[in-house]
Amino acid sequence: MALQTARQMFSVDSVDFTETRMFLLGSVQAVLTAILFGLIFFLVAATRIVTLEPAPESAILSILLGVVPAVVFGAGLPYLVQRREYFNRLNNSVPARAVITSVTLGTYVGLFFYHPATSLIYAVVYLLSRIVILVGIYGGSRIKARLA
């Protein structure tokens, strides 16, 4: 019974981040992703599989490896889901959401094995870009409604 109620609460026909409910769900998802990043960091760091040595050969490459996929996954996907009907329908598919989440977290773990600092850059930029795009879409729609 509780599982069915939770499904009804989180199920949507269409994603529209201009609605308060979807904005809040997107924000909760960002918080949960931050928690997952922290748990993964703790688990991998606790096993001592990865060390901070040696430093990456190129600091610029390390930064780009963290920033580019973070912006694509953090801000690019919500933007496409909001603006393109195909991505909106695809986002309603449980397998597609599982793949997107796996790729997001897998990229984080892969970057952690490249260098932990790069994975931290990825996590911070991912979360910041996700928050900025959600606030931008939601706030922009509110400003637009007030001006109209």
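A nonpolar core is a set of buried Ala, Val, Leu, Ile, Met, Phe, Trp, Tyr and Cys residues joined through side-chain atoms within 4.5 Å. Keep that in mind for this tour of a predicted model.

**Stop 1: the main core.** Select F37, I40, V44, Y108, F112, Y122 and Y126. These residues have the most contacts inside the largest nonpolar core, which has 14 residues. Now colour the helices. Two or more core residues come from each of α2 (20–47), α3 (59–83), α5 (94–114) and α6 (116–147).

**Stop 2: V44.** Zoom in on V44. Which residues does V44 touch, leaving out those up to four places away in sequence? Show I49, V50, F112 and F113: these are its contacts.

**Stop 3: another core.** Select F23, I133, L134 and Y138. They are among the ten residues of another core, which lies apart from the largest one.

**Stop 4: T33.** Go to helix α2 and pick T33. Is T33 buried or exposed? T33 counts as buried, because its relative accessibility is 10% and the cut-off for buried is under 20%. Next, show Q29. Its backbone oxygen lies 2.8 Å from a polar atom of the T33 side chain. T33 touches both, not counting residues up to four places away in sequence.

**Stop 5: the annotated spans.** An unreviewed UniProt entry carries the annotation "transmembrane region" for residues 21–47, 59–82, 94–114 and 120–140. Select 21–47. This span is 100% helix, and its end C-alpha atoms lie 39 Å apart. Finish with 94–114. That span is also 100% helix, with end C-alpha atoms 30 Å apart.

How values were computed:
Residues numbered from 1 in each chain as written. Predicted model: local features only at pLDDT ≥ 70, side-chain atom pairs only at ≥ 80, totals over all residues. Heavy atoms only, no water. Buried < 20%, exposed > 50% of the residue type's maximum accessible area, 1.4 Å probe, protein only. Helix = DSSP H or I, 4+ residues; strand = E, 2+ residues; numbered from the N terminus. Contact = heavy atoms within 4.5 Å. Polar contact = N/O pair within 3.5 Å; in protein donor to acceptor, adjacent residues only side chain to side chain. UniProt positions renumbered as here; feature names shortened; annotations may be inferred.
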